[in-house]
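Subject: Structure for your review

Dear colleague,

Please find below the structure that I am handing over to you, with its sequence. My findings follow it.

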Amino acid sequence: MKDCRMTRGAGILLAVTSLPSPYGIGTMGKEAFKFVDMLSNLRQKYWQVLPIGPTSFGDSPYQSFSAFAGNPYLIDLDILIAEGLLKQKEVDGYNWGNKKDDVDYALIYESRFKVLKCAFERFDTEDEVFKKFCKENKDWLEDYSLYMAVKNEMNGREWLSWEEGIRNRRAEALEKYKEHLKEQILFWMFLQYKFFEQWDALKSYANEQGIKIIGDIPLYVALDSADVWAEREQFKLDEDGRPVEVAGCPPDAFSDDGQKWGNPLYDWEKMEEQGFGWWKRRMEANGRLFDIIRIDHFIGVARYYSIPAEDETARNGRWNKGPGKKLTDMIEKTLGKNRIIAEDLGVAVPAVKKLLAKTGWPGMKILLFAFDGNTANEHLPHNYADGNLVVYAGTHDNETVVGYFRDKTEYELAYLYEYLNIKKKDDIPDAIIRAAYASAADIVIMQMQDLLKLGNEARMNFPSTVGCNWRWRVPKDSLDEERRTWLRTMTLLYRR
């Protein structure tokens, strides 16, 4: 096995959108810096965030308009006020929602871009630093900004329903829209400039405090994205640009029909012929954003499930061989060692375990999955073969610890009580955190919701549902001093 062991430590999983803010959604401003200070005070080493790309319908960070761009919602308005690009009364003139623990995405969508447009109108687009940023990021920024400008012009319609010339990127249509939407294109470039300026400042501060940022990237990209529109040849599409087959996962114990995600599949053969150039650019870009990258649905690198695009369910899908070690070798060569976490949960595919063993990258264990009474359960800490792992109580897709165990019977909990040496449900959250910290796993990551012992009202995502997800926000100063002292003690006690 290659030497890919990460520094033993602990961290907290909290989306940037979940931070407190007076403007309806967490940003890269003051509260983000305060959160870094808290991580340092708690002797944590890691902050894991959810994907930070621009979100589309459903507000999922895993369905983004770009694999390279940042989410304009995360741009901090107070920083823009301090820079003289906005006035406080302009920002206060909008309704950002009344709930401090919830993101109202409909309100944010209506108001955010109007406010950011005010900032853009005061910005000098001849600024040399801005021009340098645009030049350095030309390979994705121009296509993304044109795509967003055209999309807005088309009232948000997906690119497959645009008029033929611009849909198929005919030269004359591209020139026409670039000229017609010149100002709007500059606006989208300005948003990316401000996003990266603020992110770089936040990441630098975190690194100075000894905190590494773990970023999360989806394996697949959204069909309605600048990536698919601009680089169609990288994907398995028909001559009209529509997917022939789409991504998903097969029927299992949780779903009789499986899951049809709808993402276009990569044309891995063509990508390999091109030396995985698109993936190399993607990993370089994310390597600048994050210290460590968690690849979601890593299974798809070893074997991927393809579903006929016209099918309603995932029942008739089939397994295909993925790029495997050819891709992982390129990623490691691009990023260097100790930079990848593989999300290897879900379908048991032996090829994934073999590939992980070859790369030496750490996989994941989830303690919510551990206590089924089977003493050989791979998620139980005593079964960890070595420490090259990242252990969670649960992830953004799971119930909270309190929510998961709330309706379990005493009979169902008997094994857990015995294993964790506790006697009642109220003791479960802290006992699970202690078990994770005490384990051999190199890295322990706890959701903020579980540190606060919150129920499923604070759950981040209910898979296969739309409209109620990605909304939770952490109340200001929610971890009291007693709780902080306890967590700090756990961190020191178990050499985290």
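Two strands are taken to pair if DSSP finds at least two bridges between them. Strand β3 (residues 212-217) and strand β6 (residues 292-295) are joined by four bridges and run parallel. Within this pair, Asp216 lies opposite Arg294 of β6. Please note that the model is a predicted one.

**The eight-stranded sheet**

β3 and β6 belong to an open sheet of eight strands, ordered β9-β6-β3-β2-β1-β12-β11-β10, with parallel pairing. The edges are taken by β9 (340-342) and β10 (363-366); each has a single partner strand, so one side of each is left without a neighbour in the sheet. From one strand to the next, the twist averages 25°.

Ile366 stands opposite Tyr392 of β11. In a regular strand, side chains alternate between the two faces of the sheet. In β10, Gly363 and Lys365 point one way, while Met364 and Ile366 point the other way, and all are buried.

**The four-stranded sheet**

Strand β4 (residues 245-249) pairs with strand β7 (residues 303-308) in the antiparallel sense over three bridges, and the bridge partner of Glu245 in β7 is Pro308.

Leaving aside residues up to four places away in sequence, Trp199 touches Val16, Met28, Val49, Ile52, Ile213, Leu289 and Phe290.

Helix α5 (residues 128-136) packs with α9 at an angle of about 95°, and their axes are 10 Å apart. The angle makes α5 roughly perpendicular to α9. From α5, the contact involves Val129, Phe130, Phe133 and Cys134; from α9, it involves Leu186, Met189, Phe190, Gln192, Tyr193 and Phe196. Of the residues in this contact between α5 and α9, nine are nonpolar, one is polar and none is charged.

Yours sincerely

Definitions and conventions. Residues numbered from 1 in each chain as written. Predicted model: local features only at pLDDT ≥ 70, side-chain atom pairs only at ≥ 80, totals over all residues. Heavy atoms only, no water. Contact = heavy atoms within 4.5 Å. Axes fitted to C-alpha atoms, helices over the stretch in contact; angles between N-to-C directions. Helix = DSSP H or I, 4+ residues; strand = E, 2+ residues; numbered from the N terminus. Parallel < 35°, antiparallel > 145°, perpendicular 65-115°, else oblique. Nonpolar A, V, L, I, M, F, W, Y, C, P; charged D, E, K, R; others polar. Buried < 20%, exposed > 50% of the residue type's maximum accessible area, 1.4 Å probe, protein only.
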